[in-house]
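Visitor: Hi, could you walk me through this one? I'd like to ask a few things as we go.
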Amino acid sequence: MHEINWIDDSFDLRLASEYHISIQIGLDGFSFCVLDTRRNKYVVFQHIPLIVGKLQFLSRKLETIFDQEEKLNASYKSVSITYSTNKATLIPKEYSGSASFLKIASVTNDSSRNEDIRTDEIPGFSYQLVYSYPKEIMTLLNKKYTDFKFSHKSIPLIASAIDQRTEKKNTLLINFEKKYIRMIALKDMQIALYNSFYFKNESDFLYYTLNTWQSLQFDPERDEILIGGYVADDSGFIRQLKKYISNVRFLKPSADFNYGNTFEKIQRHQFVSLLNTYPCV
């Protein structure tokens, strides 16, 4: 994924109090977009690829970006931040606050002493998403913004899939990260699977996808797959997948917003989780 830096002619940093900024953080990259809430139009989009070998170095990289990028330091009307990590799992809501909650979280997330555990509610479902994040990142964000909403990247992804899935069909959402794929299965209006798999090539990808598909007993002619994340729409991954599954579609950003002509050059399914964060605020 290459660097992207797009600014609409109408963008004016002096009007930041009328703008919403969405930020996405992960080892794979740092992205943000600015929405003019008066006109429902995106006026800034930027993606910065990152090469960060270890999690403890991420906060230093982020601090450098914040220091160098003026647009990140304005006083915005609202701020939302999503964090991308595969150290996440679903647990039933009834376990929240119980004595076994931290034990479950520690087993599933393998967190270090430099990380905190957080839970996000998933609207419409009886589950919470439990994940870990570096304490230093939250310290940095609290220095930069007085008020912001922080959540896992999967929250806007799930919301997008629910909004765009075909009625009466089971749906497997596959989001491509740099080194792993995240799969979220929606079956009979419930989350039947939430998992991630490391992959190196098309064979790995097909193995995990088709085995998951079969274990869920999805129908290759009737049910569907929704694709998002860092994969080109004409890639070998997608071409191979379509040989086995009839209904393969790409997630789209919300139709409620204006993206401008320049956005036509961006494969928007790659940044759906970022662009669809604002409706989740």
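Visitor: How many bridges join strand β7 to strand β8?
Guide: Seven, and the two strands run antiparallel, with β7 at residues 115–121 and β8 at residues 127–134. Strands here are DSSP runs of E, at least two residues, and helices are runs of H or I, at least four, numbered from the N terminus. Two strands pair if DSSP finds at least two bridges between them. Before we go on, this is a predicted model: local features need pLDDT of at least 70, side-chain atom pairs count only at pLDDT 80 or more, and totals for chains, interfaces and linings use all residues. Residues are numbered from 1 along each chain as its sequence is written, and side-chain values use heavy atoms, with hydrogens and water left out.

Visitor: Which residue in β8 does R118 stand opposite?
Guide: Y131. The two strands form a hairpin with five residues between them, and G124 in the turn has a positive phi of about 90 degrees.

Visitor: New topic. Is helix α4 mostly covered or uncovered?
Guide: Mostly covered: α4 spans residues 154–164, and eight of its 11 residues are buried (under 20% relative accessible area; exposed is over 50%, partly exposed in between, with a 1.4 Å probe and protein chains only). Among the buried ones are I155, P156, L157 and I158.

Visitor: And the largest nonpolar core, which residues touch the most other members?
Guide: I23, I25, F30, V34, L72, I81 and F150, out of 50 residues in that core. A nonpolar core is a set of buried Ala, Val, Leu, Ile, Met, Phe, Trp, Tyr and Cys residues joined through side-chain atoms within 4.5 Å. There is also a second, separate core of 24 residues that includes M183, A185, F197 and F205.

Visitor: What does I23 touch?
Guide: Not counting residues up to four places away in sequence, its contacts (heavy atoms within 4.5 Å) include F30, F66, L72, I81 and L274.

Visitor: Where does I266 lie?
Guide: In the loop between β14 (247–250) and α7 (272–275).

Visitor: Is it buried or exposed there?
Guide: I266 is buried, because its relative accessible area is 13%. Leaving aside neighbours within four places in sequence, I266 is in contact with I4, F45 and F271.

Visitor: What about I266 and G228, how many residues apart are they in sequence?
Guide: They are 38 residues apart in sequence and 13 Å apart in space, C-alpha to C-alpha.
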